[in-house]
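Take a look at the model below. We start at the ligand and then turn to the salt bridges.

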Amino acid sequence: MKISVYKNKEEGSRIFSKTFVNEINSILLKKNNCTICLATGSSPTIFYNELVIHYKKKNIDFKKIKIFNLDEFYNINPKSINSYSYYLYHHLLNHVNIKQKNVNLLLGKPANLKDYCKSVEDEIKKIGGIDIMILGIGMNGHIGFNEPGSNQNTVTRKVRISDNSREILSNDFNSQKDVPNEAITLGIKTILSAKKIYLLAWGTGKSDIIKKAIEEDVNEKCPASFLRKHQNLEFILDKYSTSKLNDSLQVNRN
Ligand code: F6R
C-alpha cells in the first residue's frame, strides 16, 4: 500500500492526473488498449477536469480506452442529472474522444437484473480485467455502493443504500426521500480484481474513515479496509484527510 499526501485536493488531483496519464500511456504502449473503472461523487471531479485538460493538450488519447463505472442508482433514468451515467458524461466523456462502443456504464434499469449483473462480470473478464480502478470512499467506508456489511466475495449486484449514505446524498437530490433506496454496484471482489487501485479522499470530513480504512481491522464494518489485501493500492490524499493517521505510518508527503 502506498499513501501519497498532497497540500490540497487541487494539487493532489493535478499531480495524480499526470501519474494516471503516464500509466495509461505505458499500458497502451504495451497492449494497445486499456480498461479503466471510474467512481463518481465529489472526490474525483477536479481529477476528471484535469484529464480533460490533458486530453486537450494531446497528452492522452481515449480512442483505445474502455470505460466501466462502479455504481448506479437502481431504476434511475440515465438522462436524469442525478444518474452516475449523466455525471460521467458531464465531467469527462462528453469532452474526450472516447468511442461509444468502449463505454460500459452500469444500467440503472436492466431488463433482467440477475442476467445483467452476471453479464457485467463476464464482460470485465472477457476484456482481460480492469487495468486501473479509481475509487472514492463514503463516510461509512463504502466503496462503490458496497456498504458496511458487504463482504470481500461480493460481485456486481443490487444493494440497499444505507440511511447514512442516503442522508449524505440528499444534498444532490431535492430531499432525502427522493434519494433512491437501492443501487447496482460492482462488488468488492470485482474491485479487488483490478490490476491497480487508486482511492482519492480529501478534507477533514474524511479523516476518521481514512484512519479506519488504513489503520484499523480489515473487516466488513469498513468495506474500504478490504483494499489493503490488494498488492497494488495507492491512497491519494490531502493533508486534511490524513490528519488522524498514526505518525509512524510511512506516508509519502509530496
Ligand atoms: C460513487 C462511489 C461512491 C463515492 C463515495 C464518496 O460512484 O463509488 O463510493 O466514491 O460515496 O463520495 P464523495 O466523493 O462524493 O465523497
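Begin at Gly144: one of its backbone N or O atoms lies 2.8 Å from an oxygen atom of the ligand. That is a polar contact, meaning a pair of N or O atoms within 3.5 Å. Taken alone, the ligand exposes 410 Å², and the protein buries 85% of that. These areas come from the Shrake-Rupley method with a 1.4 Å probe.

The model is predicted: local features need pLDDT of at least 70, side-chain atom pairs count only at pLDDT 80 or more, and totals for chains, interfaces and linings use all residues. Residues are numbered from 1 along each chain as its sequence is written, and side-chain values use heavy atoms, without hydrogens and water.

Two further contacts involve ligand oxygen. A backbone N or O atom of Ser42 lies 2.8 Å from a ligand oxygen atom. For His142, a side-chain N or O atom is 2.6 Å from an oxygen atom of the ligand.

Now the whole shell. The ligand is surrounded by 14 residues, and Thr40, Ser43, Asp71, His142 and Lys206 are the closest. Here a residue counts if one of its heavy atoms lies within 4 Å.

Finally, the salt bridges. The whole structure has 12, each a side-chain nitrogen of Lys or Arg within 4 Å of a carboxyl oxygen of Asp or Glu. Lys118 pairs with Asp122, with the closest N and O atoms 2.8 Å apart. Because they are four residues apart in helix α4 (residues 113–126), Lys118 and Asp122 are separated by about one helical turn. Helices are DSSP runs (H or I, at least four residues), numbered from the N terminus.

Note on methods. Polar contact = N/O pair within 3.5 Å; in protein donor to acceptor, adjacent residues only side chain to side chain. Helix = DSSP H or I, 4+ residues; strand = E, 2+ residues; numbered from the N terminus.
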